Amino acid sequence: AIGLAQIDKMPGVVGKHRANAAVYDEVFAGSNKIKPIGRPQNSTPSFWVYTTVLTEPGVDRDAVLEKLTVEGIHAGQVHVPNDDLSCFKAYQRDLPGVRGFSERQISLPCGWWLEEADIRHIGDRVLHHIG
């Protein structure tokens, strides 16, 4: 019932997410230290979060996340390999690409409640903390 009552608002909500993602794209465009994750051709992501990958070796992702948290920016590691979870430990495999991505990714807030100035502030703080 809640979903049905909200469905007419979804185009506006998702549109705001996409607009916020476009601002992040702009803020990070000049950096060689952080890149948005690849997007499949002919796709239109909803951007429930904005996921990036740190490309500069030696940047401590966890330290960056901690600094953002202290500043009240709720960024995090959203994509975690399933076999890191205790219920899948018995099935753990050597997946260097998955592990490498997981160790370097940061997901940033991208929601409809954020204004362009908020997104620019978050992006600027990320750039500051990655050097």
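Biologist: Is Asp 84 buried, partly exposed or exposed, and how do I read that?

Modeller: Buried means under 20% relative accessible area, exposed means over 50%, and partly exposed lies in between (1.4 Å probe, protein chains only). Asp 84 has 34% relative accessibility, so the residue counts as partly exposed. Arg 99, at 18%, counts as buried.

Biologist: What does Asp 84 form with Arg 99?

Modeller: A salt bridge, meaning a side-chain nitrogen of Lys or Arg within 4 Å of a carboxyl oxygen of Asp or Glu. Here the closest N and O atoms are 3.5 Å apart. Asp 84 sits in the loop between α3 and α4 and Arg 99 in helix α4, so this pair links distant parts of the chain, 15 residues apart. Helices (H or I, at least four residues) and strands (E, at least two) are DSSP runs, numbered from the N terminus.

Biologist: Before we go on, what should I know about the model itself?

Modeller: This is a predicted model: local features need pLDDT of at least 70, side-chain atom pairs count only at pLDDT 80 or more, and totals for chains, interfaces and linings use all residues. Residues are numbered from 1 along each chain as its sequence is written, and side-chain values use heavy atoms, leaving out hydrogens and water. pLDDT is the predictor's confidence in each residue, from 0 to 100. The protein averages 93, with the lowest confidence in α4, at a mean of 87, and the highest in helix α5 (residues 116–130), at 97.

Biologist: Which residues of α4 are buried?

Modeller: In α4 (residues 96–104), they are Arg 99, Gly 100 and Ser 102. Seen down the helix axis, they fall within an arc of 165 degrees (taken from the directions from the axis to the C-beta atoms), so they line one face of α4.

Biologist: How many salt bridges does the structure hold?

Modeller: Eight. In one of them, the side chains of Arg 39 and Asp 25 meet at 2.8 Å, N to O. Arg 39 lies in the loop between β1 and β2 and Asp 25 in helix α2 (residues 10–28), so the pair ties together parts that are 14 residues apart in sequence. Arg 39 is partly exposed at 35%, and Asp 25 is partly exposed at 27%.
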